[in-house]
Amino acid sequence: DSPLDRFLRTMRFACVVALALACVPTAHARLDPRPVNHLSMHRQRSVDGRASASSFPTAVVDDTAREGVARALVADAEALVADVERLRAEFRAFVSKFGKEAEYAAKTVEEYERRVVVFGENLVRAARQQANDRGSATHGVTMFSDLTPEEFAEKYLGHVKLSSEERAKKRLAANEGRLIENLSTKHLPKEFDWRFKGAVTRVKDQGQCGSCWTFSTTGAIEGAHFVSEGKLVELSEQQLLDCDVGCDPDVPNACDSGCNGGLPSNAMEYIVEHGGIDTEKSYPYVGEKGECKASKGKVGATLANFSYVSDDEEQIAAALVKYGPLSIGINAAWMQSYLGGVACPWLCDAEALDHGVLIVGYYSSGFSPVRWSQEPFWVIKNSWSSAWGESGYYRVCKGQGTCGVNNMVVAAAAP
């Protein structure tokens, strides 16, 4: 481990210890009589990524203590950044860890120094996010730690931002009465994951192109095709980049524009009208917009229709079980520094959806050290390669509209 890794691990440990000491069991809490090492269990996960800790008693956290821990985490990060030699050493370790030696060897001295500063700013930002995440998520150094938030958004985010009014207009125009809001939730399974049923392809890599909307689209259709045909076929994001330029006449800025962003619902409309989408093998991804070659590819799946899903998260769970993985928009502000665990940010604008991803499952027990209890979570497939997050996946709290996870959900239906 590098000194920074040890430092971040110490911060996380101190946070959990301080919060544990600040916890006062409620009058109705039932304590497990068995001896349990809560801290070690908090760090354990089973093979499939679920928290393996047993249930914990409901508790009340002293807000003053939590705020004190948050201040300490940020202060420690700021102290590290203020030590110039230590910061430079950590930056060199970052460059080596993520294989960026050639990239930085070609930079000017001025640009190199600027990136060291950006890296330091991101260390402090990660510490703030660590302090303000009430779930079990850990935040720290990622492959994106040398990018400003603005650069990160320009290179890796691409879900067109819409206001709540624009989203409502788009739903009304696209649904034609197909809003999914009345599915039965009476017999929903407690936990469900399409990855273990064969409906999810490998984690892909969009590269430095704002094409997340295409991966969110293909993921939903790959799943719908599997549900319908029992076959998992990788589909072409590049076809959508090159060929789909659809716009919604009722929402002027809701257009699909290659690496500059788009919307999965527009892309699904294109696929319905085009008569299908090609296989990844016949129309491979190159990560930049080019000439449309759809006529030369091999159709891998067709789409009968698509529907928006209610923002009720139980309805979203029911739609997931019935239709397959769901295309969603999310606010990715907390994803640049995400390392793993269940993310439950205190503050995350649910209206600012800027990244297209795919819900593939849900579970009932993600440990929350702040509440000292178990909380349900969604499992989300991302498109930043398997080197990011939990082998390319993101876990986020379920049932609270976290980061707008429920505000732009689209289900695909195969013929």
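This is a predicted model: local features need pLDDT of at least 70, side-chain atom pairs count only at pLDDT 80 or more; totals for chains, interfaces and linings use all residues.
**Exercise 1. Find the largest nonpolar core: which residues have the most contacts inside it?**

The largest nonpolar core has 83 residues. Inside it, the residues with the most contacts are Trp-378, Ile-380 and Tyr-394. Take Ile-380 and set aside its neighbours within four places in sequence: its contacts include Ile-328, Ile-330, Val-357, Leu-358, Gly-392, Tyr-394 and Val-405. Apart from this core lies another one, of 10 residues, with Leu-87, Phe-91, Tyr-104 and Val-141 among them.

**Exercise 2. Follow helix α9 from end to end: how many of its residues are buried?**

First locate the helix: α9 covers residues 212-229, which makes 18 residues. From its first C-alpha to its last, α9 reaches 26 Å, close to the 26 Å expected at 1.5 Å a residue. Now the burial: 15 of the 18 residues are buried, and α9 is mostly covered. Zoom in on Phe-226, which lies in this helix. Its relative accessible area is 17%, and the cut-off for buried is under 20%, so Phe-226 counts as buried. Beyond four places in sequence, Phe-226 touches Trp-194, Lys-197, Gly-198, Ala-199, Lys-231 and Leu-232. One of these, Gly-198, is 28 residues from Phe-226 in sequence and 7.8 Å away in space, C-alpha to C-alpha. Just after α9, Gly-230 takes a positive phi of about 75°.

**Exercise 3. Look around Gln-239: is this residue buried or exposed?**

Find Gln-239 in helix α10, residues 237-243. Its relative accessibility is 0%, so Gln-239 counts as buried. Then look for a polar partner: the side chain of Gln-239 makes a polar contact with the side chain of Tyr-270, at 3.1 Å. Leaving out neighbours within four places in sequence, other residues in contact with Gln-239 include His-274, Ile-277, Asp-278 and Ala-294.

**Exercise 4. Trace the disulfides: how many does a search of the whole structure find, and how are the cysteines paired?**

The search finds 5 disulfides. With the bonded cysteines numbered in sequence order, the pairing is 1-5, 2-6, 3-4, 7-9, 8-10.

- Cys-209 and Cys-259 are joined with an S to S distance of 2.0 Å, and their link is left-handed, with -95° about the S-S bond. This pair links distant parts of the chain, 50 residues apart. Cys-209 is buried, at 1% relative accessibility, whereas Cys-259 is partly exposed, at 22%.
- Cys-247 and Cys-255 have their sulfur atoms 2.0 Å apart. The torsion about their S-S bond is about 120°, so this disulfide is right-handed.
- Cys-344 and Cys-397 are joined at 1.7 Å, S to S. Both Cys-344 and Cys-397 are buried.
- Cys-212 is in no disulfide: the nearest cysteine sulfur, that of Cys-209, is 9.0 Å away. At 0% relative accessibility, Cys-212 is buried.

Conventions. Residues are numbered from 1 along each chain as its sequence is written. Side-chain values use heavy atoms; hydrogens and water are left out. A nonpolar core is a set of buried Ala, Val, Leu, Ile, Met, Phe, Trp, Tyr and Cys residues joined through side-chain atoms within 4.5 Å. Buried means under 20% relative accessible area, exposed over 50%, partly exposed in between (1.4 Å probe, protein chains only). Contact means heavy atoms within 4.5 Å. Helices (H or I, at least four residues) and strands (E, at least two) are DSSP runs, numbered from the N terminus. A polar contact is a pair of N or O atoms within 3.5 Å; within protein, one must be able to donate a hydrogen and the other to accept it, and residues adjacent in sequence count only if both atoms are side-chain atoms. The expected span of a helix is 1.5 Å times one less than its number of residues. A disulfide is a pair of cysteine sulfur atoms within 2.5 Å.
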